[in-house]
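Thanks for sending this one over. Below are my notes, as numbered points, to read alongside the sequence and the model.

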Amino acid sequence: MAQDLITNLEPFTRATEFAAILSAMYRGHGDKKAADRAAVYAFKCIFNEIPMQGRIVSTEGSLDKSHSLEYGEVVGCDPNGEQVDIAIDPLENTAACAGGLAGAVTVLAVAPRDGFLRAEETYMWKLAVGPEARGKVDLKKSVTENILATAKALDKKPSQLSVAILDRPRHKKMIEEIRATGAMIMLLPAGDLMPAIATCFPDSGVDMVMGAGGGPEGVLAAAAIQALGGDFYGRLDKELTEKETGEKLAFKVPTHIMSLKEIVKKPVYTISITAVTDSYFLKGVYYDRGRVNTNTFVVRGESTTFGENHNSRDIFKHNWFDYIKGDPEIHKLFTSKINR
C-alpha cells in the first residue's frame, strides 16, 4: 500500500489542478474568501479519494483568517494507509486571484511523517537564492553582505541584482539598505512563495527574496528550492506574528535560523504547484472551446518535471463534475464560465 502511494503520486497533482480550476472561477471577482473556499473544497474532495493518512503540518488558513485545511487535520480515505505529512496553501496569493492579477497558485508538498518543519500560524523571516548562490548567503549576515555575495556568485554588479520583498511597513529599514547597495527592488503587494521559487530560474527576473512572510509559504518554498538546487534560510518570529495577528500564540516557536535541512527534514515525495493566474514560469488556468487547461510544476522524488504538465479537460465529462454539482454556488458559477 505504501509503495503504491509513493509510486503513484498523480492524485496530488490532480488536487492542485482541481483546486486551481475551481478557484479560477472567482478570478477577478474581488472575493478572496470565495476563491479560497473553492480551493479548499477541491482539495478536500480529492484528498477523500487518496488511500492515505495525510496529516496537515503546514497551512496558511488560520494565519490569514481564510477557509482552510486546519493544522493537524488528518485527510485521506484509508485509516490504515501510508502516513504522510502535507504542507499546503490551498490558494496562495488570494488577493491576486480576486483582483485578476498575476501570481496566484494552488500548492502542496508531501513527505514522509515528520518530514517538514511544523509551521503553525507563524511569520517567517526568509532568504532565498538560486543554485549559483547556494552556500554563499545566510540570515546571520547583513542585508548588504548577502546582496554582495549573491551578486558575486551570479557574476553581476549589485545594481543588476533584483531583490523581491513584500511591500510592508516592517521592511522599511531593509528596503532602505537594499537600495543603498544599488540593487533593484521588486515590491510585492502579496505572495512571496512564487518569487522565492523563481530565484532558481535564471530568466525569471528574481535573483533574491528577503523579508518576513507566512511561515507555511516558507516551508513550501524551501521544499521546491531544495529540489531545484537553490538555497533557503528561515527564522520564525513569534513577536511579529502576535503583532500582526493581534493574538497570543499558545505554542512554542523556535527562534533560531534554520537551514533547508531543518525545514525540509526528509526527502519529499512530491511537490505540485498549479497556476490559477499567470505566475512567473507557469501559465494560469485558461479556457479554450469549452475545455479547461492547466499548467503545473511538479517534483516527484528525485526528478523534477517542469513545463511539461499541461492538461486540457472537458470537465463536463470528467468525474470532477460530480463534485462541482455538489456545491450549488460553485456549480452555478462554473456553468456560467464554461460552454458545453
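A term to settle before the points: a residue is buried under 20% relative accessible area, exposed over 50% and partly exposed in between, using a 1.4 Å probe and protein chains only. Please keep in mind that this is a predicted model, where local features need pLDDT of at least 70, side-chain atom pairs count only at pLDDT 80 or more, and totals for chains, interfaces and linings use all residues. Residues are numbered from 1 along each chain as its sequence is written, and side-chain values use heavy atoms, with hydrogens and water left out.

1. Overall build. The chain has 12 helices and 13 strands; these are DSSP runs numbered from the N terminus, helices being H or I of at least four residues and strands E of at least two. Its radius of gyration is 19 Å, close to the 20 Å from the globule rule for 340 residues, so the chain is as compact as a globular protein of that length. That radius is taken over C-alpha atoms, and the rule is 2.2 Å times the number of residues to the power 0.38. Along the principal axes, the C-alpha atoms fill a box of roughly 55 × 40 × 40 Å.

2. Burial and surface. Of the 340 residues, 56% count as buried. The accessible surface comes to about 14300 Å², and 48% of it belongs to carbon and sulfur atoms. These areas come from the Shrake-Rupley method with a 1.4 Å probe; for residues, only the protein chains shown count as cover.

3. Contacts along the chain. A contact means heavy atoms within 4.5 Å. Among contacts between residues at least 6 apart in sequence, 71% join residues at least 24 apart.

4. The loop residue A102. A102 lies in the loop between α4 and β4 (105–112), and it is exposed because its relative accessible area is 57%. Leaving aside neighbours within four places in sequence, A102 is in contact with N93, A96, T277 and D278. A102 and Y280 are 178 residues apart in sequence, yet 8.1 Å apart in space, C-alpha to C-alpha.

5. Two positive phi angles. N93, one of the contacts of A102, has a positive phi of about 70° although it is not a glycine. N93 sits in the loop between β3 (82–92) and α4 (94–99) and is buried, at 11% relative accessible area. Y280, in the loop between β10 and β11, also has a positive phi, near 55°, in a residue other than glycine. Y280 is partly exposed, with a relative accessible area of 37%.

6. Another meeting of loops to look at. Which residues does K265 contact, leaving aside its neighbours within four places in sequence? They are D114, G115, F116 and L117. K265 is found in the loop between α10 (260–263) and β10 and is partly exposed, at 48%.

7. Aromatic pairs. Rings of Phe, Tyr and Trp (its six-membered ring) pair if their centres lie within 6.5 Å; planes under 30 degrees apart count as stacked, over 60 as edge-to-face and the rest as tilted. The whole structure holds seven such pairs. In one of them, the rings of F43 and F47 have centres 5.7 Å apart and planes at 40°, so this pair is tilted. F43 and F47 both lie in helix α3 (residues 32–47), four residues apart, about one turn of the helix. F43 is buried at 0% relative accessibility, and F47 is buried at 0% too.

8. An edge-to-face pair. F281 and F297 pair edge-to-face, at 5.8 Å centre to centre and 65° between the planes. F281 is in the loop between β10 (270–275) and β11 (286–288), while F297 is in strand β12 (residues 291–300). F281 is buried at 14%, and F297 is buried at 0%. Elsewhere, F18, W320 and Y323 form one aromatic cluster.

9. C45 is buried, with a relative accessible area of 8%.
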